[in-house]
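Visitor: I have the sequence and the coordinates open side by side, and I would like to be walked through them with some care. Could we begin with a single residue and then widen the view?

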Amino acid sequence: MSSSSSHVRTPAADAPDRAEQAARSAAIALRSIGEPNTFAHRFDFWDTQYEWRRVFSELLGTFFLVLVAAGGGMVNARFGGHVIPTSALVVAPALMVMAIILFMGAVSGAHLNPAVSIAFALRGDFPWRRVPNYIIAQFAGAVLATLLLWALIGRHGSAGLTLPGPGISTVTAMFWEALLTVGLVSTILGTASGAQAVGSFAAIATGSYIALAGLWGSPVSGTSMNPARSLGPALVLGDWTSWWAYLAGPVVGGVIAVGIAYVLRGPGGGKHSAEAAQGKLSPVWMPRRVVLPTRPASGPGPSAGQQGSAPGTGAGDGNPPQGGAGDAGPTG
């Protein structure tokens with residue numbers, strides 16, 4: 001009797017099998033409509049509850065980027081021309097981009113660049129409905145940074161503008177910017193993919209590329225690779241010389257990089273690349289305040305068996321508090 005009864009399956013024992021079958025059916029259904037298997041994980045990114053945080057993140061990040069990128073030239077113009085060495089002028093924005101990706105990449109994806117936002121959308125990693133707000137925020141951040149620089153150290157000639165080098169035509173500068181942006185966006189899309197999305201490597205790779213491109217490419221075009229970075233000084237200084245090259249070049253380069261990414265890795269839209277492009281900010285990700293229990297003012301204290309076992313605090317069990325700041329890991 002005991003031997004035969006041990007082979008009888010109960011409804012509780014069948015539950016895991018039914019759950020597994022349901023998961024397989026859902027995966028098949030998702031593939032049948034042409035969506036990747038990670039489709040279900042992207043619902044968090046459709047939540048607009050924290051959209052203002054993402055937009056503010058892009059504005060703040062672009063503000064800091066342009067503050068450094070345009071500020072170097074303006075400081076040099078204010079204090080004699082070569083106070084800041086040329087190598088430092090091109091490396092400083094790269095270091096700033098690295099810092100921005102690390103401290104707020106998990107909020108908005110840290111695009112900081114309209115060409116990057118458009119490339120992520122074309123790749124299928126970023127919803128098109130968010131692109132206009134991101135671009136507006138990026139342009140606004142660039143303008144605010146230039147206005148602040150102008151207010152603090154004054155307006156000095158073409159300082160802060162990205163312009164073609166001596167003897168370089170606007171058309172040549174446009175193709176040069178497109179070429180440099182192909183490498184930049186390829187680096188960003190590559191480190192956002194599942195195979196290369198390794199913690200802070202995205203920040204290191206992107207910052208390194210910007211520094212290297214600036215070291216050898218800045219004499220030709222100024223190495224903007226970013227329409228927002230070029231717009232701020234042009235708008236504030238009222239000098240639109242060759243600006244169209246710094247709008248068309250990066251956008252064209254970003255589109256070419258999307259094609260290269262497709263050849264290398266196929267279509268986008270995966271979980272890792274979507275998180276890198278959109279950030280992890282969602283109701284699930286948002287850190288929540290941890291309320292620790294307080295000891296009563298009077299009366300006997302907790303017994304030995306009760307100490308360190310308050311639910312939700314993680315105390316005494318070796319686990320961190322749920323929803324704490326440790327959940328906010330940057331994605332680059």
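Visitor: Which residues does Thr146 touch, not counting those up to four places away in sequence?

Guide: This is a predicted model, and in it Thr146 has its place in helix 7, which spans residues 131-153. Leaving out residues up to four places away in sequence, the residues that Thr146 touches are Val66, Gly232, Pro233 and Val236.

Visitor: Does Thr146 count as buried or exposed?

Guide: A residue is called buried when its relative accessible area is under 20%. Because the relative accessibility of Thr146 is 1%, the residue counts as buried.

Visitor: How many helices and strands does the chain have?

Guide: Read from the N terminus on, the elements run α-α-α-α-α-α-α-α-α-α-α-α. The count for the chain is therefore, with helices defined as DSSP runs of at least four residues, as follows: 12 helices and 0 strands.

Visitor: Which helix gives the largest share of the lining of the largest pocket?

Guide: The largest pocket holds about 990 Å³ of space, and among its 46 lining residues the closest to the centre are Ala69, Thr162, Gly222, Thr223 and Arg229. Elements giving two or more residues to this lining include helix 4 (51-79), helix 6 (114-123) and helix 9 (201-221). The largest share, 6 residues, comes from helix 5.

Visitor: How many charged residues does the lining of the largest pocket have?

Guide: Arg counts as charged, whereas Gly counts as polar. By class, the lining of the largest pocket has 24 nonpolar and 21 polar residues, and the number of charged residues is 1.

Note on methods: Residues are numbered from 1 along each chain as its sequence is written. This is a predicted model: local features need pLDDT of at least 70, side-chain atom pairs count only at pLDDT 80 or more; totals for chains, interfaces and linings use all residues. Side-chain values use heavy atoms; hydrogens and water are left out. Buried means under 20% relative accessible area, exposed over 50%, partly exposed in between (1.4 Å probe, protein chains only). Contact means heavy atoms within 4.5 Å. On a 1 Å grid over the protein atoms alone, a cavity is a set of points where a 1.4 Å probe fits but cannot get out, and a pocket is an open set with protein on both sides within 12 Å along at least five of seven lines; lining residues have an atom within 4 Å of a point. Grid points are joined across faces, edges and corners, and a volume is the space filled by probe spheres set on the points.
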